[in-house]
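Okay, thanks for making time, everyone. Let me put the thing up on the screen and then talk you through it.

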Amino acid sequence: MLQQETLPIGLTALESKRAFDRDEMDVSRAARGDVQAFERLYRAHIPRVHGIVRRMAGGKDVDELAQDIFVRAWQKLGTFRGEAAFTTWLHRLAVNVVLERFRAGGAERSRRVASEAVFETARSTPMRPELSIDFEAALERLPDGAREVFVLHDVEGYKHHEIGSLLGISPGTSKAQLHRARMMLRKHLR
Amino acid sequence: MDQWTDRLSEYLDNELDAGERRELEAHLTACASCRTTLDELRDVTSRAKAMNDRQPDMDLWPGIEQRIAAAGGSRRYSFSLPQLAAAGIALMVLSGGAVWMLRQQAIQPAAPATQATVVDNPSVVPVNLADASYDEAVADLQRTLEVGRARLDPETIKVLEASLASIDQAIDQSQRALAADPANTYLYGHLAAARQRKLALLRRVSALADIEG
């Protein structure tokens with residue numbers, strides 16, 4: 001089944017083109033040191049970047065990571081050649097910064113509970129029928145590996161071979177982790 | 001759960017080969033549990049695509065701006081006093097719309113397409129900013145600069161190379177944007193301005209190389 005291409009949420013095709021044109025001008029100015037132009041880029045893209053970080057990092061150090069991403073973008077703007085859209089470049093940079101933080105905190109991450117038992121325990125807590133765990137909150141509770149693959153594949157649209165390169169796993173492991181994440185999350189949609 | 005349960009995500013993502021796909025679809029016609037699970041997995045992927053982005057709870061810009069400033073902020077390039085003096089003269093000339101050239105660099109006036117304003121001065125030769133003439137002017141200045149390069153101090157050369165890289169990037173980005181939007185007059189102005197900057201910079205440094213020779 002082909003994945004349908006979608007425009008950024010809430011934007012018509014014309015608005016998307018206008019946003020693209022504004023980005024190109026501001027990127028050019030910011031690359032020459034125009035901080036106000038860079039602030040405009042920040043304001044335009046922070047919701048998406050913050051979302052990527054929030055979902056991948058499971059709610060931990062999100063604001064700090066989002067700031068790290070924009071500081072890194074400022075430093076690396078000179079390397080942006082325009083072969084891809086700025087949005088694509090920025091989102092890939094965001095994913096790389098988050099993964100670098102994960103690698104740096106490897107020992108700490110391995111101590112974080114990564115078992116499905118915690119997820120199952122939370123699910124079995126009695127709740128009033130009218131309440132349910134928000135989907136994004138459910139995402140935060142996934143084991144790290146499963147959550148990362150799910151966000152990269154189902155939310156960000158990466159392919160398994162790309163995820164494998166980013167996370168240092170095989171495409172087969174990526175597929176298995178994705179299925180694991182989906183099977184756990186489906187219980188929160190009932 | 002059965003042998004096909006773990007393959008449902010691959011089926012959903014169209015990653016099974018034709019034979020496996022047929023087998024699973026045959027299984028689905030007989031297995032209500034797998035059909036239910038498949039529907040639930042579809043719901044999960046739909047929900048993932050529909051996730052909304054939102055602003056963070058606090059404005060993160062002040063912290064970013066502070067860190068950029070602490071790391072050196074603007075990417076302005078620093079020039080020595082003779083370079084700043086020459087830059088000041090060049091900017092005055094450019095702001096009047098005229099292109100000023102050294103008499104020693106006899107560049108032929110080019111075809112009329114995008115001429116800069118001509119100033120009534122024998123040293124002023126209009127340079128067309130259309131591709132062929134502009135490229136010739138730039139190449140000529142670069143050859144002159146190469147001859148005199150050894151007379152320039154390393155810091156000047158470093159500043160020159162960094163400045164040219166920045167301007168070339170602006171030219172490249174303008175050209176790419178124009179390729180996608182050829183009727184955009186703002187972009188034409190942007191491209192012309194970047195090319196003027198490059199010419200002015202090369203003339204300035206060529207002049208320095210001559211002076212210091």
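Over chain A the average is 79, and 74% of the residues score at least 70. Residues 1-10 of chain A fall below 50, and that stretch has ten contacts in the model beyond near neighbours in sequence. Residues 120-132 of chain A also stay under 50, with three contacts beyond four places in sequence. A contact here means two residues whose C-beta atoms, placed from the backbone, lie within 7 Å.

Some bookkeeping. This is a predicted model, so local features need pLDDT of at least 70 and side-chain atom pairs count only at pLDDT 80 or more, while totals for chains, interfaces and linings use all residues. Residues are numbered from 1 along each chain as its sequence is written, and chains are lettered from A and ligands numbered from 1 in the order in which they are written. Helices (H or I, at least four residues) and strands (E, at least two) are DSSP runs, numbered from the N terminus.

Now, that α10(A). Helix α9 (residues 160-167) of chain A packs on α10 (residues 171-185) of chain A at about 100°, axes 8 Å apart. The axes are lines fitted to C-alpha atoms, for helices over the stretch in contact, and angles run from 0 to 180 degrees between N-to-C directions. So the two are roughly perpendicular, the word we use for 65 to 115 degrees. On the α9(A) side you've got A:His160, A:His161, A:Ile163 and A:Gly164, and they meet A:Pro171, A:Ser174 and A:Lys175 in α10(A).

Next, α8(A). Nine of its twelve residues are buried, so α8(A) is largely enclosed by the rest of the structure. Buried means 20 or more other C-beta atoms within 10 Å of a residue's own, exposed means 12 or fewer, and partly exposed is in between, with C-beta atoms placed from the backbone. Just after α8(A), A:Gly157 takes a positive phi of about 85°.

Chain B turns up again with α3(A). Its buried residues include A:Leu65, A:Ile69, A:Phe70 and A:Trp74, and the cover over the buried set includes α2 and α4 (86-104) of chain A together with α4 (61-70) of chain B.

How many residues does each chain put into the contact? It's 34 from chain A and 38 from chain B. On the chain A side, α2(A) brings the largest share, eight residues. By class, that side has 16 nonpolar, eight polar and ten charged residues. Ala, Val, Leu, Ile, Met, Phe, Trp, Tyr, Cys and Pro count as nonpolar, Asp, Glu, Lys and Arg as charged, and the others, Gly among them, as polar.

As for chain B itself, there are eight helices and zero strands, and 23% of its 213 residues count as buried.

Last stop: A:Asp134, in the loop between α6 and α7 of chain A. Buried or exposed? A:Asp134 is exposed, with 10 other C-beta atoms within 10 Å. Its C-alpha sits 9.2 Å from that of A:Leu189, 55 residues apart along the chain.

Definitions and conventions. Angles under 35 degrees count as roughly parallel, over 145 as roughly antiparallel, 65 to 115 as roughly perpendicular and the rest as oblique. pLDDT is the predictor's confidence in each residue, from 0 to 100.
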